[in-house]
2 protein chains.
Amino acid sequence: MFAEKLILRIPGPTPIPPRVQQAMNRPMIGHRSGQFSALFAKVAERLKPYFGTRQDVYILAGSGTSALEMSVVNTVGAGDEVAVLVSGAFGERFAKICERYDIVAHRLNVPWGEAVTADLLSAFLDEHPNVKAVFATYCETSTGVQNPVKELAAVVRAKTDALFIVDAVSCLGAVPCEMDAWGIDIVVTGSQKAFMLPTGLAFLAASERAWNVIENRKPLAFYLDLKAYRKSLAEQTTPYTPAVSLIFGLEEVCNMLEEEGLANIIKRHELMRDMTRAAMTALGIPLMTSDEYGAPTVTSLDPKGAFDSEELRKTLRTKHNVIVAGGQQHLKGKIFRIGHMGFCDPLDVITVVSAIEMSLAQIGVDVPLGEGVKKAQEVLIHHV
Amino acid sequence: MFAEKLILRIPGPTPIPPRVQQAMNRPMIGHRSGQFSALFAKVAERLKPYFGTRQDVYILAGSGTSALEMSVVNTVGAGDEVAVLVSGAFGERFAKICERYDIVAHRLNVPWGEAVTADLLSAFLDEHPNVKAVFATYCETSTGVQNPVKELAAVVRAKTDALFIVDAVSCLGAVPCEMDAWGIDIVVTGSQKAFMLPTGLAFLAASERAWNVIENRKPLAFYLDLKAYRKSLAEQTTPYTPAVSLIFGLEEVCNMLEEEGLANIIKRHELMRDMTRAAMTALGIPLMTSDEYGAPTVTSLDPKGAFDSEELRKTLRTKHNVIVAGGQQHLKGKIFRIGHMGFCDPLDVITVVSAIEMSLAQIGVDVPLGEGVKKAQEVLIHHV
């Protein structure tokens with residue numbers, strides 16, 4: 001099989017568009033040069049619409065987890081109570097980060113595959129009225145749940161003075177996010193999902209409310225000190241060495257996103273989600289998430305023992321050059337997850353559905369060949 | 001001027017070799033795939049010789065500063081006393097990181113341009129016998145001083161039980177480093193200097209002594225938790241998302257370094273240092289460092305008012321497409337620094353010397369055109 005035709009359909013990293021790859025091949029420049037400063041300030045500005053904010057967007061050299069930690073260490077401290085909405089592995093990570101700093105994390109746990117609803121959060125905040133921050137996950141990558149952060153933000157705003165902090169790593173840039181209008185205080189994301197870049201950058205924006213807190217605290221860490229990033233961005237630079245080649249790529253990503261337009265990008269992801277869900281349902285493979293909370297960027301399937309997810313994934317990989325993700329933590333070996341985000345279009349969904357059908361047949365599952373493809377086609381035709 | 005012929009002679013980032021750039025263009029793969037794991041484990045192994053260690057080398061998505069902080073947060077804590085050897089901006093950064101965590105940092109300050117000697121350290125440790133760690137800078141990027149870390153390690157080993165922790169960001173891979181033999185406990189470096197990669201990766205290795213400390217502490221941070229990296233590396237992976245495309249490039253860097261051979265790489269850098277120093281001396285531009293402590297990777301020049309360093313840099317940039325670095329902090333606007341590391345060879349040094357001669361003439365300095373080039377040539381011919 002051609003290594004260059006690998007079909008990467010995991011929930012990040014996603015394939016890199018050739019023109020973005022090309023941009024990253026620009027000769028290296030100094031990160032303290034005027035040339036870099038101008039580029040950096042411009043791309044930071046161009047990220048704002050995806051956050052739905054007029055606030056500045058900060059760009060960090062690090063993975064998504066470093067930015068999750070950044071949202072913690074600048075806003076709360078040892079002994080503070082916070083609420084962490086845990087609908088999967090990445091919600092749990094927020095809680096673990098808090099606990100590393102002796103922050104008291106009250107977990108609102110829901111079963112993996114379910115969303116945290118406004119009602120659940122409202123009741124939880126009644127139990128924990130003293131929390132200084134509420135940490136939520138927009139798209140929970142480990143389950144494919146899209147939590148209703150707009151509604152959750154409304155609950156937080158109505159009931160408490162707590163900051164509302166959202167991990168949007170695996171969906172920002174592909175889904176609506178109106179940070180300012182919805183009243184979200186911090187939104188965090190990464191480069192390797194809807195932003196179609198390699199891993200290695202994280203982005204963060206904070207509300208004026210959040211800045212009022214941040215400016216009056218001593219941050220718990222150094223590299224992740226948001227005040228240092230704010231001071232530097234005012235001078236069009238970064239406090240520590242930025243990942244220059246990824247910033248080259250990010251400029252081209254901004255071009256691509258603007259050419260397509262955010263409204264179209266959001267529609268494309270919803271379409272790919274709907275195609276995937278319709279196809280998997282036609283094949284009789286149970287979806288892990290309800291239609292209401294199914295993420296536009298990743299779909300999780302739980303065959304519940306009808307076949308071996310790992311055998312399916314292996315066949316996809318070895319016979320068709322298609323990579324889908326497995327489960328994390330207690331779902332390892334049980335479920336599989338199809339990424340449909342970033343540099344991915346509806347025909348890519350048809351391809352992966354077709355490969356899943358064939359692989360199922362090849363591992364001996366009685367599958368109606370072509371039926372998933374047909375349902376996906378119907379959704380696509382109807383949509384276009 | 002051709003943007004693609006930009007001559008980047010700053011102390012990092014350095015130009016990227018085309019074959020490394022090419023490697024980074026490989027199609028994206030999943031970072032939790034067997035393919036990535038095998039690649040990752042292999043490059044981590046291949047980094048060991050540059051550290052001079054049999055211990056594992058950890059690869060972090062982040063800039064050099066994140067790895068400096070990693071060496072702090074896993075080894076000491078609030079109230080602990082440490083010694084920080086400050087010979088410039090990056091030594092000072094170690095102290096600032098410590099103070100962020102309420103660690104008591106005793107600074108051994110030397111004037112910028114001078115090295116911390118074994119005698120100075122010995123006397124300092126007599127004054128501060130209770131330090132739990134000693135933080136040093138191998139090459140101080142802001143001044144071009146190469147501190148004698150082998151001798152410093154011997155002092156630490158002889159006088160205390162403190163860990164000896166070395167920032168080797170702007171020299172590792174270009175200079176001798178025998179971490180195990182010299183008794184250094186932690187060595188930290190970055191990707192964008194002698195390793196010829198874009199910015200965005202940092203590397204760290206720790207001695208068995210250091211691990212005995214690390215394993216018995218609760219780390220002060222999350223993303224920088226070394227125990228998590230150790231646990232993951234045993235499974236050929238990383239705790240958080242690695243910077244995949246840079247790891248592709250790192251594999252090709254390892255190929256290049258091994259083809260040249262570390263002994264030859266070290267000689268090449270010493271030669272480039274000697275050429276640069278001889279040429280600048282011939283032009284009457286005072287070196288900021290003594291011959292004994294001049295770094296093989298970067299040379300700092302202090303015209304002491306004989307001409308305007310910023311005017312020189314501007315002329316180099318606008319008339320010759322050559323970028324050299326300015327000064328940092330209190331030396332901003334006063335000195336200039338020539339990087340000669342990584343993807344840089346002796347003829348590149350001739351080029352930059354020639355451009356400096358012409359630029360000096362162009363800004364009205366009475367400079368002996370060609371004399372710097374001639375001295376550099378003599379050093380090169382004599383050497384080869």
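The model is predicted.

**Overall build of chain A**

- Chain A holds 15 helices and 13 strands.
- The radius of gyration of chain A is 21 Å, close to the 21 Å that the globule rule gives for 384 residues, so chain A is as compact as a globular protein of that length.
- The C-alpha trace of chain A spans about 60 × 55 × 35 Å along its principal axes.
- Of the 384 residues in chain A, 65% are buried.
- Take the contacts in chain A with a separation of 6 or more: 71% of them join residues 24 or more positions apart.

**Surface and charge of chain A**

- The accessible surface of chain A is about 13700 Å². Carbon and sulfur atoms account for 50% of that surface.
- Chain A carries 38 positive and 43 negative charges.

- Strand S11 of chain A covers residues 298-301, and both of its faces are covered.
- A:Val298 and A:Ser300 are buried on one side. A:Thr299 and A:Leu301 are buried on the other.
- S11(A) pairs with strand S13 (residues 336-339) of chain A in the antiparallel sense, over 4 bridges.
- Within S13(A), A:Phe336 is the bridge partner of A:Leu301.

**Cis peptide bonds**

- Most peptide bonds are trans, and most residues other than glycine have a negative phi.
- In chain A, a cis peptide bond joins A:Gly12 and A:Pro13, with omega about -5°. A:Pro13 lies in the loop between strand S1 (7-9) and helix H1 (18-24) of chain A.
- In chain B, a cis peptide bond joins B:Gly12 and B:Pro13, with omega about -5°. B:Pro13 lies in the loop between strand S1 (7-9) and helix H1 (18-24) of chain B.

- A:Asn321 has a phi near 65°, a positive value in a residue other than glycine.
- A:Asn321 is placed in the loop between helix H13 (309-320) and strand S12 (322-326) of chain A.
- The relative accessibility of A:Asn321 is 12%, so this residue counts as buried; the cut-off for buried is under 20%.
- With a relative accessible area of 49%, B:Gln329 is partly exposed; exposed would require over 50%.

**A:Val379 in helix H15**

- A:Val379 belongs to helix H15 (residues 371-383) of chain A.
- A:Val379 has a relative accessible area of 22%, so it is partly exposed.
- Leaving aside neighbours within four places in sequence, A:Val379 is in contact with A:Leu271, A:Asp274, A:Met275 and A:Ala278.
- A:Val379 and A:Tyr293 are 86 residues apart in sequence. Their C-alpha atoms are 19 Å apart in space.

Terms used:
Residues are numbered from 1 along each chain as its sequence is written. Chains are lettered from A and ligands numbered from 1 in the order in which they are written. This is a predicted model: local features need pLDDT of at least 70, side-chain atom pairs count only at pLDDT 80 or more; totals for chains, interfaces and linings use all residues. Side-chain values use heavy atoms; hydrogens and water are left out. Buried means under 20% relative accessible area, exposed over 50%, partly exposed in between (1.4 Å probe, protein chains only). Helices (H or I, at least four residues) and strands (E, at least two) are DSSP runs, numbered from the N terminus. Two strands pair if DSSP finds at least two bridges between them. The radius of gyration is taken over C-alpha atoms; the globule rule is 2.2 Å times the number of residues to the power 0.38. Contact means heavy atoms within 4.5 Å. Accessible areas come from the Shrake-Rupley method with a 1.4 Å probe; for residues, only the protein chains shown count as cover. Lys and Arg count as positive and Asp and Glu as negative; His and the chain ends are not counted. The place of a charge is taken as NZ of Lys, CZ of Arg, CG of Asp or CD of Glu.
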